[in-house]
Every structure is written in C-alpha cells, then in structure tokens.
Amino acid sequence: MTDRTATVVKVDQYTCEGTGFCVRSMASVFSFDDDGVAVADQEAAALADHDELVEVESMCPTTAIEVVG
Ligand code: SF4
C-alpha cells in the first residue's frame, strides 16, 4: 500500500477565460473543450513535472487552475 496521492489539476470552468496560456505552456496536460474553456487531462497531470504544473497554476491570469497533491 502506498501513501502517495496522485496530483489532480482542477480548472474552474466558470473562471477560465480561455486565454490559452496553460494550453500553450503544457499542451500535454491542458487543452480546450468545444466551448473554448481549458480542461486538464488527469492521467497526463499525474505524470507531468509537478513544479511545471504549479508554475502554470500560478501564472493563470484568472486563477482558474488549482493543483492538488
Ligand atoms: S491560463 Fe487560465 S484562463 Fe487561460 S486558458 Fe488556462 S485556465 Fe483558462
């Protein structure tokens, strides 16, 4: 058994303004849905560089991204 908790990336669909910063910065994790709102691939997020994820989180202009774990 392991205590490790996988990193989860949440994007607030109401706060995201579709600037595309996260999509351009980490295309492996972030993409746009059909409404032009960013969504995060949780499998890719779990494998991604954590520091990079936190940096993208901190640079979202609308603070729509939350990195948990
Ligand atoms: S950086 Fe923030 S506002 Fe811009 S697309 Fe990503 S989640 Fe949305």
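The chain holds three helices and four strands. Both are DSSP runs numbered from the N terminus: helices are H or I with at least four residues, strands are E with at least two. Read along the sequence, the order is β-α-β-β-α-α-β. The radius of gyration is 12 Å, close to the 11 Å that the globule rule gives for 69 residues, so the chain is as compact as a globular protein of that length. That radius is taken over C-alpha atoms, and the rule is 2.2 Å times the number of residues to the power 0.38. The C-alpha trace spans about 40 × 20 × 20 Å along its principal axes.

This is a predicted model: local features need pLDDT of at least 70, side-chain atom pairs count only at pLDDT 80 or more, and totals for chains, interfaces and linings use all residues. Residues are numbered from 1 along each chain as its sequence is written.

Next comes burial. Of the 69 residues, 22% count as buried. A residue is buried if 20 or more other C-beta atoms lie within 10 Å of its own, exposed if 12 or fewer, and partly exposed in between, with C-beta atoms placed from the backbone. Contacts are pairs whose C-beta atoms, placed from the backbone, lie within 7 Å. Among contacts between residues at least 6 apart in sequence, 57% join residues at least 24 apart.

In soluble globular proteins, nonpolar side chains tend to be buried together. Here the largest nonpolar core has 15 residues, and Cys22 and Val29 have the most contacts inside it. Strand S3 (38–40) and helix H3 (50–59) each supply at least two residues of this core. Such a core is a set of buried Ala, Val, Leu, Ile, Met, Phe, Trp, Tyr and Cys residues joined through C-beta atoms within 7 Å.

Look at valine 29. It sits in the loop between helix H1 (21–25) and strand S2 (30–32). Valine 29 is buried because 26 other C-beta atoms lie within 10 Å. Beyond its neighbours within four places in sequence, valine 29 contacts Val9, Ala40, Asp41, Ala44, Ala45 and Ala48. Alanine 45 is 16 residues away from valine 29 in sequence, yet their C-alpha atoms are 5.6 Å apart.

Threonine 7 also reaches Ala45. This threonine lies in the segment before strand S1 (8–11). With 17 C-beta neighbours inside 10 Å, threonine 7 counts as partly exposed. Leaving aside neighbours within four places in sequence, its contacts are Ala45, Ala46, His50, Leu53, Val67 and Gly69. Phenylalanine 21 is 14 residues from threonine 7 in sequence and 20 Å away, C-alpha to C-alpha.

Two exposed residues follow. Glutamate 43 belongs to helix H2 (residues 42–47). It counts as exposed, with 10 C-beta neighbours inside 10 Å. Its C-alpha atom is separated by 14 Å from that of valine 68, 25 residues apart along the chain. Threonine 63 lies in the loop between H3 and strand S4 (65–68). Threonine 63 is exposed, with 12 other C-beta atoms within 10 Å. Most residues other than glycine have a negative phi. Threonine 63 has a positive phi of about 50° although it is not a glycine.

Last, the ligand. It is surrounded by 14 residues, the closest being Cys16, Thr19, Phe21, Cys22 and Cys60. A residue is near the molecule if its C-beta atom, placed from the backbone, lies within 6 Å of it. The shell divides into nine nonpolar, four polar and one charged. Ala, Val, Leu, Ile, Met, Phe, Trp, Tyr, Cys and Pro count as nonpolar, Asp, Glu, Lys and Arg as charged, and the others, Gly among them, as polar.

Note on methods
Contact = placed C-beta atoms within 7 Å.
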